[in-house]
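This briefing covers aromatic contacts and one surface feature. The sequence and structure are shown first.

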Amino acid sequence: MGKPAKKGCDFRRFVKNNWLLLATVAAVVLGIVVGVLVREYSQLSSLDKFYFAFPGEILMRMLKLIILPLIISSMITGVAALDSNISGKIGLRAVMYYFCTTISAVILGIVLVISIKPGVSQKMDDIGRAGSTPEVSTVDALLDLIRNMFPENLVQACFEQYKTTREEVESTGEPETNVTEESVTAAMTTTVAKNTTKEYKVVGSYSEGMNVLGLIVFCLVFGIVIGKMGEKGQILVDFFNALSDATMKIVQIIMCYMPLGILFLIAGKIIEVEDWEIFRKLGLYMATVLSGLAIHSIIILPLIYFIVVRKNPFRFAMGMAQALLTALMISSSSATLPVTFCCAEEKNKVDKRITRFVLPVGATINMDGTALYEAVAAVFIAQLNNLDLGIGQIITISVTATAASIGAAGVPQAGLVTMVIVLSAVGLPAEDVTLIIAVDWLLDRFRTMVNVLGDAFGTGIVEKLSKKELEQMDVSSEVNIVNPFALESTILDNENSETKKSYINGGFAVDKSDTISFTQTSQF
């Protein structure tokens with residue numbers, strides 16, 4: 001008689017603990033059904049489609065609203081809570097993990113696309129082009145990435161990024177030309193072929209979009225500085241801790257609205273897509289990308305986590321289910337960041353000092369799915385052009401895809417911009433990126449989900465590798481050992497007397513009466 005009651009109790013507990021995840025899954029299914037039904041049985045105008053997706057737009061706006069306070073508060077408190085040496089070690093481990101997983105994703109993508117050869121059996125004329133080719137210079141894009149790391153205005157960095165473009169310079173004088181004369185007729189008529197060298201100038205401007213990289217660099221330095229200030233900086237640490245806690249409570253409120261917003265997001269997208277035939281034409285290419293993402297997320301990432309942490313990686317991934325589903329629906333790792341924080345800290349119990357430091361950085365530079373996608377797309381376009389890539393070109397694609405994915409902002413479809421950089425690096429026509437734009441919106445969702453999963457596994461792995469340093473910090477905080485230059489006291493109990501003394505910088509002792517007497521330097 002007791003067993004059925006226990007099972008019922010377990011089921012109720014499961015529903016209570018995971019109601020938001022279950023509601024989100026139901027919203028996805030219902031959104032697909034509603035989208036298909038509305039598409040088949042009603043004729044909506046463009047304006048009607050825009051109004052239909054309005055609840056989903058509100059969800060996106062709320063998630064984007066919370067990104068700025070979340071990144072600033074989490075980065076500053078995360079870095080300030082760590083010793084500068086410890087934060088350096090944790091940062092190095094995180095970057096090494098990101099680099100290794102990104103390289104493995106690129107290699108996996110190239111192996112799959114060379115083996116499956118999705119572009120060999122197709123003709124370029126059979127695939128329709130969509131959209132336009134972004135004008136990107138590889139050198140300028142790299143320099144813009146470095147420029148954005150050091151924004152000239154911190155407030156402006158909250159909503160704009162710096163971007164340079166090339167403009168042709170109109171020369172006033174006679175341009176330098178190479179002249180060749182060709183005899184055409186017996187009458188000695190000559191034609192002059194001119195090879196003119198064009199001059200360009202670089203023009204800088206600001207484009208819409210948060211400069212996440214610049215904010216992270218500033219918060220990193222700011223957190224280290226106030227962490228070293230000791231008692232003087234404690235008021236700022238407390239402020240940003242309170243801001244971080246308040247932000248997370250707002251995130252929990254937003255998550256309650258998430259099922260409704262996701263329902264209309266997915267239904268609106270299904271209604272919006274006009275050409276479903278393109279999915280059949282690019283079916284093999286999509287299958288190559290999706291199989292690569294599946295292998296990377298189901299085998300490679302869990303295997304790395306299991307080898308390092310020695311725990312069940314799939315249980316950890318289940319704890320991140322809400323964040324993964326959110327990433328799949330909204331296709332933005334930055335907008336998913338609030339939900340990723342909640343899942344990592346509350347479901348998987350990852351140390352907040354790790355999540356606040358690792359997750360914002362990971363959402364900006366760790367792009368496993370994007371790197372894999374760019375490698376596959378570059379080789380696919382080469383196959384469509386009947387080009388046989390040599391080992392040198394394949395290595396170039398690998399390196400460029402890795403570097404370009406790091407520079408990709410955590411916003412929807414940023415991979416298309418970096419895709420042009422990869423194509424240009426190996427001499428492929430940049431305009432061919434328009435061949436895959438039509439299906440990019442769908443693949444973007446899956447690769448964003450892989451990016452978020454990689455960030456999440458990274459927090460667990462870095463926490464395990466940094467366990468010794470975190471334990472030392474816990475012990476230090478228990479005995480209240482702080483910056484030796486800060487006037488903080490550690491109270492020691494003396495067995496022979498009730499007088500309580502503390503040692504400051506090994507030179508002075510302060511007792512209850514606040515009198516200061518010189519003592520012999522203590523050796524710690």
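A residue is called buried under 20% relative accessible area, exposed over 50% and partly exposed in between, with a 1.4 Å probe and protein chains only. The model is predicted, so local features need pLDDT of at least 70 and side-chain atom pairs count only at pLDDT 80 or more, while totals for chains, interfaces and linings use all residues. Residues are numbered from 1 along each chain as its sequence is written, and side-chain values use heavy atoms, leaving out hydrogens and water.

**Surface**
- Val 25 is partly exposed, at a relative accessible area of 40%.
- Val 25 belongs to helix 2 (residues 19–41); helices are DSSP runs of H or I with at least four residues, numbered from the N terminus.

**Aromatic pairs**
- Rings of Phe, Tyr and Trp (its six-membered ring) pair if their centres lie within 6.5 Å; planes under 30 degrees apart count as stacked, over 60 as edge-to-face and the rest as tilted.
- The count by this rule is eleven aromatic pairs.
- Tyr 305 and Phe 457 form a tilted pair, because their ring centres are 5.2 Å apart and their planes stand at 50 degrees.
- This pair joins helix 11 (residues 283–309), which holds Tyr 305, to helix 19 (residues 437–465), which holds Phe 457, across 152 residues.
- Tyr 305 is buried at 5% relative accessible area, and Phe 457 is buried at 1%.
- Phe 316 and Phe 457 are stacked, because the centres are 5.5 Å apart and the planes at 20 degrees.
- Phe 316 lies in helix 12 (residues 313–319), 141 residues from Phe 457.
- One aromatic cluster consists of Phe 218, Phe 222, Phe 239 and Phe 240.

Methods
Helix = DSSP H or I, 4+ residues; strand = E, 2+ residues; numbered from the N terminus.
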